[in-house]
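Subject: The structure we talked about

Hi,

Here is the structure I promised to pass on to you. Please open it and keep it beside you while you read.

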Amino acid sequence: MKEIFVQFPSTKEDLHIEKIDTKKLNPSILQLFSEIVESYLKLCITSSSQPENTECSSLLLTIDAALSYVWEQLHTGQWKDVDPVWRQLYSYISLFKTLVYLKLEEDSSLHLVDAIAACDMGLIMGEPILDGLLSSIASNINEKLWESSQTKSTFKETDKEEGKECYPQLNQKNLIENVQLPSIETFLLDIMNKKPVVITGVMDFWPAMEERRWSVNYLRKVAGYRTVPIEIGSKYTDDAWSQSLTTINEFIDDYILKPNKAAGYLAQYQLFQQIPQLKNDIVIPDYCHLGTCDDINVNAWFGPRGTISPLHYDPDHNFLSQVVGSKYIRLYEERVTSSLYPYEQELLFNTSQVDVEKPDLKRFPLFSSAPFVETILESGSMLYLPPRMWHYIRSLSTSFSVSFWWK
């Protein structure tokens, strides 16, 4: 544990608290935060002698009260309008909470789990602080927990779930064009903004495809105890759709290795910001740098067979890269939007009301005449989607995809 403890800043100067714009905080939370900082710094110098558990428990209560207050500020209004100071505060308090759990003596494995959960909540709800310190600490704790784990399930490569009985029959006339590793010039002149294509060869040298292949066992090792948000339900337009927090291990056990349970989906999540080790296993396609902005939004999509992204469009360029498993994908051009019956409410304006593979043609009679192209995206292939291209996606097996959105 010593290598983890030394990562924690032990002086106020090392914490760089001055970077928080405390003028935006009301006096009560500022006072509470100052008290927590002082208690944390005292805790940092107790490496030679263990603090009293009652002292840690009391500090945890104070920390939880502060986190609850900040949580309310984070959920007042829209997320994009939240002042960054509250996210900074949440990250710092989560860091302090992590140390308290690590200092508790009894049942160290249980407190390691609590500590890594505190780290991840800071990463999910907060802002990056201290050069990614929370992520580094969480990685080290995950490694400790993995090493002490006695049960390590392996990826069922030949499980019945991976059969092809759920594959749709494709019309050869409607297949999306396949291109083998196009040059930057070819992509810019012949493909970009013009048409969707399936690109092969780009992912061949990703570590995730070779020496660090993304099996279930590998994901457990690198991130098994990390907390992530998931969607519950086969698609986000269902009435029963919801969201929840779980660990990667729990997600694998409950939704990947038990295909009969209600669908769970780690969808459209910036997992690679939270867990940089996984980011090191992928490579941003060079084509992304042809855009007008350096900001490339990288998201993870991990789930069992049967998860669905309803027919919708996105405003940016997209490379959907299939690392594990396969997906059925159907595409419609923007010009046929009126035949796709988008929802009228503002929240779902970019989503079709039609169940693509089981359409109600009495309600949506024009849908059947809308031309489309389709493909089955296999592991190692990457689909380029121009902006505002309507797309429907269904997982045909356990699947892990990475999307790169760029302007």
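First, some ground rules. This is a predicted model, in which local features need pLDDT of at least 70 and side-chain atom pairs count only at pLDDT 80 or more, while totals for chains, interfaces and linings use all residues. Residues are numbered from 1 along each chain as its sequence is written, and side-chain values use heavy atoms, with hydrogens and water left out.

**The cores**

A nonpolar core here is a set of buried Ala, Val, Leu, Ile, Met, Phe, Trp, Tyr and Cys residues joined through side-chain atoms within 4.5 Å. Buried means under 20% relative accessible area, exposed means over 50%, and partly exposed is in between (1.4 Å probe, protein chains only). In soluble globular proteins, nonpolar side chains tend to be buried together.

The largest nonpolar core has 96 residues, and F96, W214, F319 and F400 touch the most other members. Helix α5 (residues 84-103) gives the most to this core, with 12 residues. Helices (H or I, at least four residues) and strands (E, at least two) are DSSP runs, numbered from the N terminus. Apart from it lies another core, of 19 residues, among them C166, L311, Y328 and Y392.

In strand β13 (residues 399-406), 8 of the 8 residues are buried. S399, S401, S403 and W405 point one way, F400, V402, F404 and W406 the other way. Two strands pair if DSSP finds at least two bridges between them. β13 pairs with strand β6 (residues 297-303) in the antiparallel sense over 7 bridges, and G303 has S399 in β13 as its bridge partner.

Q322 is in strand β8 (residues 317-324). Is Q322 buried or exposed? At 0% relative accessibility, Q322 counts as buried. Leaving aside neighbours within four places in sequence, Q322 is in contact with residues including M203, E378 and F400.

**An open sheet**

An open sheet of 4 strands has the order β7-β12-β9-β10, with antiparallel pairing. β7 (308-312) and β10 (373-377) stand at the edges with a single partner strand each, so one side of each is left without a neighbour in the sheet. Within this sheet, 6 bridges join β9 (residues 327-332) to β12 (residues 390-395), and I329 stands opposite I393 in β12.

**Two residues with positive phi**

Most residues other than glycine have a negative phi. L181, however, has a positive phi near 40°; L181 is in the loop between β1 (178-180) and α8 (184-191), and is partly exposed, with a relative accessible area of 47%. Q268 has a positive phi of about 45° and is in strand β5 (residues 264-269).

Happy exploring!

Methods: Contact = heavy atoms within 4.5 Å.
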